[in-house]
Amino acid sequence: MASMLHALDIQPTDYRPLVVQLGPLQRAMTEDEFFAFCQANPELRIERTSDGEIIIMPPTGGESGRRELEAAGALLNWAKKDGTGIPFGPSTGFVLPNGAERSPDLAWVRRERWEALTQAERERFPPLCPDFVGEIRSPADRLPVLHAKLREYIDNGARLGWLIDPVERKVYVYRPGEAVICLDDPEHVSGDPVLPGFTLDVRQLFSC
């Protein structure tokens, strides 16, 4: 693998998501078709923009996977004790009000909103924007793209968003109607008041 990368002059961190544009001569996938496409490719993490572009992301590297699991585990443990909402990991897709299908690394939905969905809606990509979303930057991720995703979540109804950047050791906190807060090399980040009492130990994510 290393020799192949060298021959192509590609570094491992150069991998980028593949954006598939169907073009003007092909219609966008329906919700059913997109769901079936994702189910047929379970090894891939797939999103769709509000313009219908398909974004295919490669599997995460080891450190990125560890960070996702650390953060998701902390959210799950808090949610079990709190009981007011449902947590989700990065394999869950959500259909946002603007039509985009997104899969945040971390997500949490108030229980009453989740229970208002039909069983069929819960089994597929839930048609809602989570109340809380979190994205964890990997070395290959471009920061402007992640900031745009966080703004999209907030514009579509999220009440709290975190962009956790282990590369530059920063956490960006998004809330509707407020300026983005940048925390420089924090030890913890608090979810209050949307996630009351939830504090994420960011040091665990920044450590190698």
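Tutor: Strand E7 (residues 106–110) and strand E8 run antiparallel and are joined by 3 bridges. Helices (H or I, at least four residues) and strands (E, at least two) are DSSP runs numbered from the N terminus, and two strands pair if DSSP finds at least two bridges between them. The model is predicted, so local features need pLDDT of at least 70 and side-chain atom pairs 80 or more, while totals for chains, interfaces and linings use all residues. Residues are numbered from 1 along each chain as its sequence is written, and side-chain values use heavy atoms, without hydrogens or water.

E8 is the part to look at, and its residues are 132–136. Of the 5 residues in E8, 5 are buried (under 20% relative accessible area; exposed is over 50%, partly exposed in between; 1.4 Å probe, protein chains only). The strand is therefore largely enclosed by the rest of the structure. Its cover is on both faces: Phe132, Gly134 and Ile136 are buried on one side, and Val133 and Glu135 are buried on the other.

E8 also pairs with strand E9 (residues 160–165), over 5 bridges and in the parallel sense. Ile136 has Ile164 of E9 as its bridge partner. To get from E8 to E9, the chain passes through helix H6 (residues 143–155), and this β-α-β crossover is right-handed (with the strands pointing away from the viewer, the path from the first strand over the helix to the second runs clockwise).

Now the whole sheet. It is open, has 6 strands in the order E4-E7-E8-E9-E10-E11, and its pairing is mixed. E4 (85–88) and E11 are at the edges with a single partner strand each, so one side of each has no neighbour in the sheet. From one strand to the next, the twist averages 15° (axes are lines fitted to C-alpha atoms, for helices over the stretch in contact; angles run from 0 to 180 degrees between N-to-C directions).

Two helices lie against E8. Helix H3 (residues 62–82) lies across E4, E7 and E8, at about 20° to E7 (contact means heavy atoms within 4.5 Å). H6 packs on the sheet as well, where it touches E8, E9 and E10. The direction of H6 makes about 170° with that of E9.

Further along the sheet, 4 bridges join strand E10 (residues 170–174) to strand E11 (residues 181–184), and this pairing is antiparallel. Lys170 stands opposite Asp184 of E11, and Tyr172 has Cys182 of E11 as its bridge partner. Cys182 counts as partly exposed because its relative accessibility is 40%. E10 and E11 form a hairpin with 6 residues between the strands, and Gly177 in this hairpin takes a positive phi near 75°.

To return to E8: E7 joins it antiparallel, E9 joins it parallel, and both of its faces are covered.
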